[in-house]
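Colleague: I have the model open and would like a quick walk through it. Can we start with the packing and then move to the charged pairs?

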Amino acid sequence: MAWDDEYDVVVAGSGAGALAGALAAASDAPAAASDGLRTAVLEKTSLVGGTSAYSGSAIWLPGTRVQERAGIGDSTESARAYLRALLGDDGNAAHREAFLETAPELVEFLERDPAIEVEWRAFPDYFDAPGRIDMGRSFVPLDLPLERLGELAGLVRPPVDRDRTGRGHAPGRPLAQGRSLIGRLLLAITATGNADVRTGTALTDLIVEAGRVVGVAAMTAEGPVRLRASRGVLLAAGGFESSAELRALRGVPGGAAWTMAPDGANTGDAIAAAMRIGASTGLLDQAWFCPGLAMPDGRAAFTLGFRGGLIVDGTGRRFANESLPYDQMGRRLASAGDPFYLIFDSRSDGLPAISIPAAAPEEQLAAGLWHQADTLADLAAKTGLPAGALASTVERFNGFAAKGVDEDFHRGEDPYDLYFTGGKPCLVPVDRPPYFAAKIVLSDLGTKGGLRADPDGRVLSGAGRPIPGLYAAGNTSASFTGPVYPGPGIPIGTAMAFAYRAVQDMRRNQS
Ligand SMILES: Cc1cc2nc3c(=O)[nH]c(=O)nc-3n(C[C@H](O)[C@H](O)[C@H](O)COP(=O)(O)OP(=O)(O)OC[C@H]3O[C@@H](n4cnc5c(N)ncnc54)[C@H](O)[C@@H]3O)c2cc1C
């Protein structure tokens, strides 16, 4: 068997999970009496970071020294109570315990590296359940000055606004949020001297010898390569959110054009490669959902933090608390069915919500995705919504706003609802023309179903046995959270924790 390059560990993908796994592999591990392992990070696109680079970089790893420093009253026990209340115990208890046990150790490992600096940031947990921390328990990386990254800065995927619309983000500014997380991990990995970050290298297949995954086949601009992975292959190459075909096959609501993953990045390659060698899958119809603002390029912008306005379906009626955490609101959209409009008025300066990327009102209006009218009746005519229903919905909503109580959907009663308004009411009357209707669609931050893996990230075969040498984390794997999104930073926190555990397993079994 001829190899183009030989490594101990090959990691497919370069999101936060992939890079946390790569750092754990490439670093010396004194406790395991193991030196850093020769590690390759394979990234299909020319840029590192995937959706993780677009993210707000909230990391939900509970019960660690970060929350202790912040004095927010978080603990492993309260996080366990919270997850148990939301997910129950069936089928996920072993993963939950592995995750909870790993969080403090992983954070200690990360913070040992001078490149990794994080702090707790208020962002409420998403459900009113026992063990919740009202102001949240997730943490974020500190901004990263460009000069600390040097030439590596050019490798990090730009912010989503810049990547998709060419706007926003003045060059020269420090890397923030997801870009800081990716930049910091990249810096730390590079400093180990044990890792190659190979962009423009797409995993195509897994190479198996005597029932064990021993390497990968990948495609580069120069042609195919075969890379040996003597300890293991970690698949952390995102989900299949950008594949219209796979979404249709698996019944994922929404659309490939409306997902938030970078263009062409996450098309399920790693999941498909593992399935071809007998890996099993789960949760394939699920995603981390969110409302999306329809954008002129045919795509959608992740929309959250509604400070005003109300959302109606095609009947002209509200169907949910618009301020719900975005995955819950996305699930309401999925069951209500198209079309949806956010109705707002001139009280707000543009959209009364955060959209990522940001929307330019004049472009939205020109594209026919926003409508403007001096009366609700005209707005109904322009959108095709039933005029009578729209008028009575707005009248009823304005009554709730006057009373400060949403009798229908309890908007404004949960700490999450008020997080984005800075404590001000989010029930704001819609009575100051001109009126606007903005088209809303069902978007997502990525699919969350994929390869079934055990609590050590070992990919399971159809018979339920680990496939030797093969591991998965992040959206390539089926999330133990099922159809629930417990709090900010769960996708990235769980991706990092299971990638880290996968590497510990590789070291344990073969050192
Ligand atoms: C605006 C926004 C804000 C968000 N905020 C948060 C937040 O604060 N906290 C949080 O936890 N989550 C957040 N999310 C969700 C989160 O970013 C993603 O769910 C998570 O980053 C997915 O991680 P991943 O490693 O599975 O995939 P990604 O980060 O998308 O990485 C996958 C990478 O694999 C590469 N790849 C794909 N196929 C191959 C192949 N064949 N070979 C090699 N490479 C391949 C892709 O190009 C990509 O770079 C946010 C998402 C968005 C869009």
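This is a predicted model: local features need pLDDT of at least 70, side-chain atom pairs count only at pLDDT 80 or more; totals for chains, interfaces and linings use all residues.

Colleague: Which residues touch the most other members in the largest nonpolar core?
Modeller: Leu61, Phe99 and Tyr326, in a core of 80 residues. A nonpolar core here is a set of buried Ala, Val, Leu, Ile, Met, Phe, Trp, Tyr and Cys residues joined through side-chain atoms within 4.5 Å. Buried means under 20% relative accessible area, exposed over 50%, and partly exposed in between, using a 1.4 Å probe and protein chains only.

Colleague: Which helix gives the largest share of this core?
Modeller: Helix H16, residues 490-510, with 10 residues. Helices (H or I, at least four residues) and strands (E, at least two) are DSSP runs, numbered from the N terminus.

Colleague: Where does this core lie relative to domain 1 and domain 2?
Modeller: Between them, because both domains give residues to it. Domain 1 covers 5-284 + 448-510, and domain 2 covers 290-443. Those bounds come from an automatic or database domain assignment.

Colleague: Back to Phe99. What does it touch?
Modeller: Leaving out residues up to four places away in sequence, Phe99 touches Trp60, Leu61, Pro62, Leu83, Phe480, Gly493, Thr494, Ala497 and Phe498. Contact means heavy atoms within 4.5 Å.

Colleague: And what lies apart from that core?
Modeller: Another core, of 54 residues. Leu206, Val216, Ala274 and Leu442 are among them.

Colleague: Fine. How many helices and strands?
Modeller: The protein chain has 16 helices and 19 strands.

Colleague: What is the radius of gyration against the globule rule?
Modeller: The protein chain has 23 Å. A compact globule of 511 residues would have one near 24 Å, so the two agree. The radius is taken over C-alpha atoms, and the rule is 2.2 Å times the number of residues to the power 0.38. Along its principal axes, the C-alpha trace spans about 70 × 50 × 50 Å.

Colleague: What percentage of residues count as buried?
Modeller: 58% of the 511. As for contacts between residues at least 6 apart in sequence, 77% join residues at least 24 apart.

Colleague: On to charges. How many salt bridges?
Modeller: The count is 35. The rule is a side-chain nitrogen of Lys or Arg within 4 Å of a carboxyl oxygen of Asp or Glu.

Colleague: Which residue does Arg198 pair with?
Modeller: Asp5, at 2.9 Å, N to O. Arg198 is in strand E5 (residues 195-198) and Asp5 in strand E1 (residues 5-12), so the pair links distant parts of the chain, 193 residues apart.

Colleague: Is Arg198 buried or exposed?
Modeller: Buried, at 18% relative accessibility. Asp5 is partly exposed, at 33%.

Colleague: What about Arg157 and Asp163?
Modeller: Their side chains meet in a salt bridge at 2.7 Å, N to O. Arg157 counts as buried at 7%, and Asp163 as partly exposed at 30%.

Colleague: And Arg276?
Modeller: Arg276 forms a salt bridge with Asp205, with the closest N and O atoms 3.0 Å apart. Arg276 lies in helix H10 (residues 269-276) and Asp205 in strand E6 (residues 202-209), so the pair ties together parts 71 residues apart in sequence. Arg276 is exposed at 52%.

Colleague: Which residues do salt bridges with shared partners join into one network?
Modeller: Arg80, Arg84, Asp89, Arg96 and Glu97.

Notes. Residues are numbered from 1 along each chain as its sequence is written. Side-chain values use heavy atoms; hydrogens and water are left out.
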